[in-house]
There are 2 protein chains.
Amino acid sequence: MEHVQLSLAEVSALGERCLRRNGCDADNARAVSETMTLAERDACHSHGLFRLPGYVSSLRSGKVNGKAEPRLEELAPSALRVDGDRGYASLALQRGLPAFIECASQQGIATLALVNIFHFAALWVELEAIAVKNLAALAFVGATAMVAPAGAQKAFFGTNPLGFAWPRPGREPMVFDQATAAMARGEIQIAARDKRPVPLGTGLDAQGLPTTDAAAIINGGVQLPFGGYKGSSLSLMVELLSAGLLGEQFGAEASHALPKDGGPNRGGQLIIAFNPEKFGNAGAWVEHCEQFFGELLSLDGVRLPGDRRLAQRELSVRDGVEIPEPLYREILALEKD
Amino acid sequence: MEHVQLSLAEVSALGERCLRRNGCDADNARAVSETMTLAERDACHSHGLFRLPGYVSSLRSGKVNGKAEPRLEELAPSALRVDGDRGYASLALQRGLPAFIECASQQGIATLALVNIFHFAALWVELEAIAVKNLAALAFVGATAMVAPAGAQKAFFGTNPLGFAWPRPGREPMVFDQATAAMARGEIQIAARDKRPVPLGTGLDAQGLPTTDAAAIINGGVQLPFGGYKGSSLSLMVELLSAGLLGEQFGAEASHALPKDGGPNRGGQLIIAFNPEKFGNAGAWVEHCEQFFGELLSLDGVRLPGDRRLAQRELSVRDGVEIPEPLYREILALEKD
């Protein structure tokens with residue numbers, strides 16, 4: 001495939017321009033484009049510009065409010081909520097972040113609930129923004145029903161990612177972000193686009209049979225949780241924390257909502273942050289944990305979650321990123337339609 | 001194998017008597033015995049009386065303080081800590097629970113850190129005690145290094161269980177509790193005792209080769225995480241939350257500590273509780289979630305985590321439980337030594 005080489009500033013400007021032409025105001029366009037750009041920077045292409053056509057279609061269908069004004073409120077002393085005003089999650093999170101970081105820093109632990117949002121981003125981007133403030137963080141977000149619970153053959157759970165970040169003052173935080181599905185939807189979509197097979201266990205075809213055909217899973221089939229019933233339990237937990245707790249849509253409810261425009265679904269997100277300085281090992285936890293990371297990395301065959309992203313980050317900042325030519329042209333066309 | 005039929009009251013009295021004869025005071029003996037009895041009640045034998053010889057050996061070696069007086073303190077408005085005074089986790093948790101439940105109920109979210117404890121119990125027992133107060137809860141606990149991180153062949157992580165509980169007012173909470181190892185240590189030990197094979201993927205033998213021989217994994221081999229690198233990331237998270245955050249021992253540190261008496265290791269535990277009434281869907285979340293559970297259970301092949309335990313519970317309360325004759329005789333001997 002042909003590629004177009006773009007600097008990160010060009011990626012960001014491309015995304016912002018396209019979103020503005022399609023109904024976003026400046027703040028919403030900037031927040032979403034920044035999220036996509038950070039994904040491209042770390043070679044997390046499934047959450048980069050690959051998502052832009054979905055963002056645009058969900059603006060054009062009128063489902064998402066491109067001029068959302070997210071509103072922050074305090075639910076309880078350690079629980080904050082942002083009502084996203086039917087906009088994308090990115091701006092809602094940005095609006096809630098300063099108060100959330102302050103709250104967690106003081107209270108020891110705090111939670112930020114995002115509701116009435118459309119989440120289409122990578123959790124690690126969001127978690128890293130918290131961990132650079134020297135907080136540990138957990139995040140849970142739902143999605144439309146695409147995954148069969150362990151034992152079943154029918155989609156009921158979202159791919160339901162959960163993420164975790166650990167602060168490493170003086171260097172990049174350790175952040176992971178993983179679907180409770182065996183494979184993230186975006187990765188299966190990219191495999192289907194590129195006609196690459198996926199590992200057995202990724203999903204079932206329309207007949208409920210195991211398959212390695214990515215397209216068969218996407219079109220009429222169903223994804224599977226990772227790790228059998230244990231991954232399925234975690235997916236159930238994400239449903240309850242991102243929807244049940246917040247009064248938002250469960251995956252199966254989001255699937256019934258219209259329109260199906262290829263964009264994200266409305267749902268909830270729960271984030272938890274901890275201040276390690278408050279947990280009794282103030283001043284010493286950094287060294288203790290860095291020693292732990294050092295010993296872990298001394299084992300043959302081990303790498304830290306996120307390592308490949310960080311390595312890619314350095315290259316992208318220096319050299320820019322490669323965008324597939326067909327995607328680039330699709331985006332230019334979306335600016336003009 | 002021959003079995004002895006005991007009522008739950010007899011199980012509890014047997015445990016308590018044996019612990020008292022071996023150095024526990026009344027409160028510590030009662031707390032630990034109650035934990036074992038609840039495990040027996042739910043046919044979770046790997047955390048029932050099967051653990052009693054390990055409890056006793058760790059008392060006899062002097063490692064654990066059977067007369068521990070756990071101390072509760074407030075670290076921050078939403079973060080409490082109990083210093084377990086070198087005793088078992090059961091009493092430390094009981095001493096912290098009322099204040100923790102009050103704190104989470106008011107603050108929306110709160111955390112309870114247990115340090116200087118020896119954890120040898122099932123997380124679901126502890127989480128259920130929180131969820132019956134209409135709070136959702138998460139728990140993380142470490143263990144000595146027994147699991148190879150994804151890609152490695154050497155033990156570095158504990159089996160590091162995490163658990164989750166969801167309150168269901170008017171009925172038993174939904175609770176799961178799962179090792180981030182492919183199989184809980186206790187289950188492998190029981191398989192080894194009973195000379196039953198374990199599934200491939202459970203662990204490696206002393207040569208670093210995959211095996212189905214439970215004894216080969218226990219003796220010189222190493223366990224594996226569930227679900228490959230995703231389970232390994234979760235295990236890493238449990239290390240950081242139960243040890244790094246709390247200034248307690250990581251799994252590899254606990255492994256170097258002495259004595260190795262077959263009992264539990266010193267470590268930390270982190271519990272988080274949420275009050276769903278504070279998250280914006282007060283008065284409606286129960287019905288919303290019960291409808292979700294109903295739809296989930298309407299799918300062919302699906303059951304809720306913990307269902308088998310609850311079914312067993314009814315039978316045990318009525319009929320008592322069966323204890324293997326050799327274990328029963330071992331316990332009677334431990335009372336007299």
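Here is a short tour of the two chains, stop by stop.

**Before you click**

You're looking at a predicted model, where local features need pLDDT of at least 70, side-chain atom pairs count only at pLDDT 80 or more, and totals for chains, interfaces and linings use all residues. Residues are numbered from 1 along each chain as its sequence is written, while chains are lettered from A and ligands numbered from 1 in the order in which they are written.

**Stop 1: chain A as a whole**

Select chain A and switch to cartoon view. You'll find 12 helices and 12 strands; these are DSSP runs numbered from the N terminus, helices being H or I with at least four residues and strands being E with at least two. The C-alpha atoms fill a box of roughly 55 × 45 × 45 Å along the principal axes. Buried residues make up 57% of the 337 residues in chain A. (Buried means 20 or more other C-beta atoms within 10 Å of the residue's own, exposed means 12 or fewer, and partly exposed is in between; the C-beta atoms are placed from the backbone.)

**Stop 2: the sheet of chain A**

Now pick out the open sheet of 7 strands in chain A, in the order β2-β3-β4-β11-β5-β6-β7, with mixed pairing. Two strands pair if DSSP finds at least two bridges between them. Color the edge strands, β2 (71-76) and β7 (174-179) of chain A, each of which pairs on one side only. Neighbouring strands in this sheet are turned by 15° against each other on average, direction ignored. (Axes are lines fitted to C-alpha atoms, for helices over the stretch in contact, and angles run from 0 to 180 degrees between N-to-C directions.)

How do β2(A) and β3 (residues 79-88) of chain A pair, parallel or antiparallel? They run in the antiparallel sense, over 5 bridges. Zoom in on A76(A), whose bridge partner in β3(A) is A79(A).

**Stop 3: where the chains meet**

Show both chains. A contact here means two residues whose C-beta atoms, placed from the backbone, lie within 7 Å. On that basis, 57 residues of chain A are in contact with 56 residues of chain B. Keep helix α8 (residues 229-244) of chain A selected, as this helix gives the most to the side touching chain B, with 7 residues. That side of chain A divides into 34 nonpolar, 16 polar and 7 charged residues. (Ala, Val, Leu, Ile, Met, Phe, Trp, Tyr, Cys and Pro count as nonpolar, Asp, Glu, Lys and Arg as charged, and the others, Gly among them, as polar.)

**Stop 4: the axis**

A rotation of 180° with 0.0 Å of shift along its axis superposes chain A on chain B, RMSD 0.0 Å. The two copies are thus related as by a two-fold rotation axis. (The superposition is by least squares on the C-alpha atoms of residues with pLDDT of at least 70 in both copies.) Which residue of chain A comes closest to the rotation axis? Select G227(A): its C-alpha is at 2.0 Å.

**Stop 5: over to chain B**

Select L19(B), in helix α1 (residues 8-21) of chain B. L19(B) is buried, with 27 other C-beta atoms within 10 Å. Leaving aside neighbours within four places in sequence, L19(B) is in contact with C24(B), A29(B), V32(B), S33(B) and Y55(B).

Finish on strands β3 (residues 79-88) and β4 (residues 109-118) of chain B, which pair in the parallel sense over 7 bridges. Click L80(B) to find its bridge partner in β4(B), L112(B).

Note on methods: Copies are superposed by least squares on the C-alpha atoms of residues with pLDDT of at least 70 in both.
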